[in-house]
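Visitor: I am new to this structure and would like to learn how to read it. Could you walk me through a few of its features?

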Amino acid sequence: MPVNVKGLIVVLFLSALVFALGKRTALHFMEEEDFKRRRNIWLILSAAAFLSQSFWLFSLVAVPILYWGGKKDTHPLAFYLLLMNVIPAIPVPIPTNGLGINQLFNLDILRLLSLCVLVPTAWRIHKSPDPNRIHGVRGMDLLVLGFGALKVALYVPPDLPNHVILHTSFTNNVRDALLYLIDIYVLYYVASRSASSTRVIRDALAAFCLSCTIMACVALFETLKHWLLY
């Protein structure tokens with residue numbers, strides 16, 4: 001499959017344009033070093049997505065960069081929210097050839113961000129000696145975890161066209177519980193523990209708005225030109 005060079009050029013141009021025009025406003029809410037690092041990582045990962053032609057090759061580039069970026073960033077939650085839209089969240093199944101199992105779970109950019117950015121951040125928050133951080137389990141934590149347990153327990157298997165009801169299994173329940181922790185609880189944990197000031201919340205919202213602005217420009221271009229870039 002040939003590399004979509006034209007699409008890459010358009011995406012990089014639109015992204016760079018939004019970052020350039022939005023820099024002055026963004027710096028009211030975030031540190032300049034964070035802005036530059038987030039912008040550069042966005043552009044690098046966009047280029048890697050188009051040039052790799054495979055999610056797994058893209059992941060080889062993305063995993064160390066995302067881990068490093070999340071560790072260096074002043075507010076990892078804002079870093080996560082900015083990069084949510086760097087590529088479309090298309091699920092890709094993890095290969096299980098030779099593992100003796102039919103299915104592990106799917107990966108996409110959101111789950112990759114959670115594993116590389118949010119999970120390490122949650123661990124650092126948990127180990128932080130800061131006396132002002134939230135310690136222990138709160139009532140809201142129990143509610144979020146309880147909803148996850150309810151979601152796993154009340155899982156309804158799909159009704160296939162031939163009217164065969166697939167029964168769930170212990171393995172599937174464990175997988176669902178793990179994915180709930182990765183996809184939902186870790187994000188809640190980091191947000192509830194790190195977004196402890198107006199400054200952090202503004203940074204996170206500004207990063208998310210910047211990300212959405214880029215994707216809005218891409219969507220507008222695709223609509224006007226009738227050309228799917230991704």
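**Reading rings, helices and cores**

Guide: Gladly! This is a predicted model, and it holds nine aromatic pairs.

Visitor: How is a pair of aromatic rings described?

Guide: By the distance of the centres and the angle of the planes. Take Phe50 and Tyr230: their ring centres lie 5.4 Å apart, with 40 degrees between the planes, and the pair is tilted. Phe50 sits in helix α2 while Tyr230 belongs to the segment after α8, so this pair joins distant parts of the chain, 180 residues apart.

Visitor: Which residues form an aromatic cluster?

Guide: Phe19, Phe35 and Trp42 form one.

Visitor: Let's turn to helices. At what angle do α2 and α3 pack?

Guide: Helix α2 covers residues 32–52 and helix α3 residues 55–72; they pack at about 170 degrees, and their axes are 9 Å apart. Angles over 145 degrees count as roughly antiparallel, and that is why α2 is described as roughly antiparallel to α3. On the α2 side the contact includes Ile41, Leu45 and Ala48, and on the α3 side Phe58, Val61 and Trp68 are among the residues involved.

Visitor: How many residues of that contact are nonpolar, polar or charged?

Guide: The contact of α2 with α3 has 12 nonpolar residues, two polar and three charged.

Visitor: And which residues touch the most other members of the largest nonpolar core?

Guide: That core has 47 residues, and Leu45, Phe58, Leu66 and Leu83 touch the most other members. Several helices each supply at least two residues, among them α1 (5–26), α4 (76–83), α7 (170–194) and α8 (198–225). The largest share, eight residues, comes from α5.

Visitor: What is Phe58 in contact with, leaving aside its neighbours within four places in sequence?

Guide: Phe58 then contacts Leu45, Ala48, Ala49, Ser52, Ile87, Ile109 and Leu112.

Visitor: Which residues does the second, separate core include?

Guide: This core has nine residues, including Leu8, Val10, Val218 and Leu229.

How values were computed:
Residues are numbered from 1 along each chain as its sequence is written. This is a predicted model: local features need pLDDT of at least 70, side-chain atom pairs count only at pLDDT 80 or more; totals for chains, interfaces and linings use all residues. Side-chain values use heavy atoms; hydrogens and water are left out. Axes are lines fitted to C-alpha atoms, for helices over the stretch in contact, and angles run from 0 to 180 degrees between N-to-C directions. Helices (H or I, at least four residues) and strands (E, at least two) are DSSP runs, numbered from the N terminus. Angles under 35 degrees count as roughly parallel, over 145 as roughly antiparallel, 65 to 115 as roughly perpendicular and the rest as oblique. Contact means heavy atoms within 4.5 Å. Ala, Val, Leu, Ile, Met, Phe, Trp, Tyr, Cys and Pro count as nonpolar, Asp, Glu, Lys and Arg as charged, and the others, Gly among them, as polar. A nonpolar core is a set of buried Ala, Val, Leu, Ile, Met, Phe, Trp, Tyr and Cys residues joined through side-chain atoms within 4.5 Å. Buried means under 20% relative accessible area, exposed over 50%, partly exposed in between (1.4 Å probe, protein chains only). Rings of Phe, Tyr and Trp (its six-membered ring) pair if their centres lie within 6.5 Å; planes under 30 degrees apart count as stacked, over 60 as edge-to-face and the rest as tilted.
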